[in-house]
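Please have the structure open as you read.

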Amino acid sequence: MSRTPDQDGILAVLIVGAGFSGLAMAIRCRQSGIGPLAIIEKGEGVGGTWRENTYPGAACDVPSHLYSLSFAPKADWSRLYARQPEIEGYLQDVARDHDLLPLIRFRTTLVGATWDEARALWRVETDRGEILARSMVSAAGGLHHPALPDIPGRGDFAGANFHTAAWDHGVDLTGLRVGVIGTGASAIQVVPELAGRVGHLTLFQRTPPWIMPKDDRPIPEARKDRYARVPITRWLERVRLFWRLEVPALVGFTRVSKVTARAEAMARHHLKKAVPDKALRKKLTPGYRFGCKRVLLSDEYYPALQRENVTLETGAIGRIVPEGVAMADGSRHALDALVFATGFDVVGGFLRAEVIGREGRRLADAWADGMQAYQGITVAGFPNYFILLGPNTGIGHNSIIAMIEIQVNHVLGCLRALDGGKRSIEVHAGAQARFVERIRRRMKASIWQAGGCRSWYLDGRGRNTTLWPDSVLAYRRSARRARLADYRVE
Ligand code: NAP
């Protein structure tokens with residue numbers, strides 16, 4: 001494909017989203033000589049989830065030397081687990097260093113996209129006008145549309161209230177009575193930060209998470225220097241981190257197994273050491289198997305819950321009232337501010353824009369029975385349309401960046417198949433069905449379905465359409481190369 005702009009103003013590839021996956025896709029397209037390209041981004045800057053999630057304490061729970069692009073290394077990560085500003089800064093550097101900024105149309109939101117069969121291109125509707133592109137890559141991710149809880153009276157609360165992913169930094173919470181609803185990955189990071197600052201913090205827990213020690217620490221200057229001077233040492237560290245996280249998945253972490261039982265014992269030990277009070281410990285002990293929900297890492301969460309100004313409320317919430325939260329048993333918590341650490345609407349997020357493929361088929365209808373895609377990337381009936389971090393490609397045990405890079409490679413294979421004036425590439429429905437059946441079979445015995453919990457991994461019918469049920473290596477084997485026998489190229 002040519003890199004010079006098409007005379008009709010038609011892009012070779014339009015990428016939606018300027019987070020990790022969108023930037024990775026653009027860099028690799030450039031390196032492969034695929035263009036012209038553009039990225040649309042609804043926000044004002046690059047960074048995706050790392051631009052949006054600015055709540056106090058926001059950080060990554062995957063080590064940064066692994067949670068970064070293999071082809072855009074950074075030798076001087078400040079800590080083992082970088083915090084949000086450093087990761088956002090990294091992505092800004094990546095965009096600038098790879099000269100991606102001229103490609104990005106900021107403050108531009110995808111409204112819908114329709115496949116034009118006659119011209120073999122996507123007519124992409126944005127809030128700033130139409131864009132025509134031969135291929136379209138959705139790099140918008142699944143975790144960015146805040147899910148607000150359906151608690152009665154939510155709109156009645158009189159004080160400041162916001163979701164962790166839409167933090168209102170204009171509100172000074174110092175000295176206030178603050179409620180936090182939710183105890184997932186976002187909550188366990190925000191709670192220790194708030195506890196030291198607010199007057200009183202009430203944490204509303206519906207289900208306790210399994211928590212392991214994080215052991216975060218700064219990376220010494222000498223080591224940063226070594227990583228910069230001798231790049232192979234940084235690369236070896238990345239490899240070491242990869243295997244440390246990958247081995248558990250290879251030996252059975254994705255199922256209810258002896259390995260999960262051992263990990264469960266370690267997490268219980270962590271809880272026992274951190275929380276001497278038996279009654280509190282009981283409230284914090286999960287009643288489902290380790291790994292069923294995302295396992296969290298923290299050394300600060302349990303200590304925060306034992307502060308005098310923190311209350312852990314485990315009763316059922318009745319309703320939200322103007323003055324605070326009324327519990328189902330009639331008791332009340334008076335609050336000045338309320339934080340919703342209640343996660344994201346994953347399926348709704350994917351379907352927010354109307355995508356219409358061949359013969360007027362809507363993606364929403366294709367997914368009426370649950371989200372699905374071949375290798376999590378392509379959908380029958382939707383030619384030249386690719387999804388990064390799509391259905392069944394999430395992981396909890398290792399770096400999602402590894403999954404992104406595998407998918408980018410797959411998409412590049414498909415885009416190259418269009419070389420020489422081919423109109424379209426579309427996955428065979430049979431190949432997609434076989435892939436989905438393979439996932440379903442493996443998922444049945446998985447920890448997420450057999451572990452005795454409900455989580456955002458499962459859809460309304462209790463099916464896991466979000467996670468990859470195996471190791472990163474298995475996904476690499478499955479998806480890295482686009483097998484053209486599974487595709488129809490016209
Ligand atoms: P989450 O894991 O979905 O947690 C939402 C929390 O809100 C859960 O504790 C849930 O309780 C609670 N909740 C939801 N609706 C409720 C209601 N009506 N009443 C009471 N409680 C309610 O969301 P998250 O913490 O934002 O994390 C989402 C994902 O983002 C994570 O799994 C992870 O993939 C990613 N993330 C990653 C990091 C990182 O460090 N890498 C950090 C933050 C987020 P139940 O458990 O009972 O449903």
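The link of Cys292 and Cys453 is left-handed, with -95° about the S-S bond. Cys292 lies in the loop between α8 (278–284) and β11 (296–297) and Cys453 in the loop between α14 (447–450) and α15 (472–479), so the pair ties together parts that are 161 residues apart in sequence. Helices (H or I, at least four residues) and strands (E, at least two) are DSSP runs, numbered from the N terminus. This is a predicted model, in which local features need pLDDT of at least 70 and side-chain atom pairs count only at pLDDT 80 or more, while totals for chains, interfaces and linings use all residues. Residues are numbered from 1 along each chain as its sequence is written, and side-chain values use heavy atoms, leaving out hydrogens and water.

**The disulfide**
- The sulfur atoms of Cys292 and Cys453 are 2.1 Å apart, and a disulfide is a pair of cysteine sulfur atoms within 2.5 Å.
- By this rule the count comes to 1 disulfide.

**Burial of the cysteines**
- Cys292 is buried at a relative accessible area of 0%, where buried means under 20%, exposed over 50% and partly exposed in between (1.4 Å probe, protein chains only).
- Cys453 is buried too, with a relative accessible area of 14%.
- Cys29 is in no disulfide, and the nearest cysteine sulfur, that of Cys414, is 11 Å away.
- Cys29 counts as buried at 0% relative accessibility, and Cys60 is buried at 4%.

**Helix α6**
- Leu236 is found in helix α6 (residues 231–250).
- With 46% relative accessibility, Leu236 counts as partly exposed.
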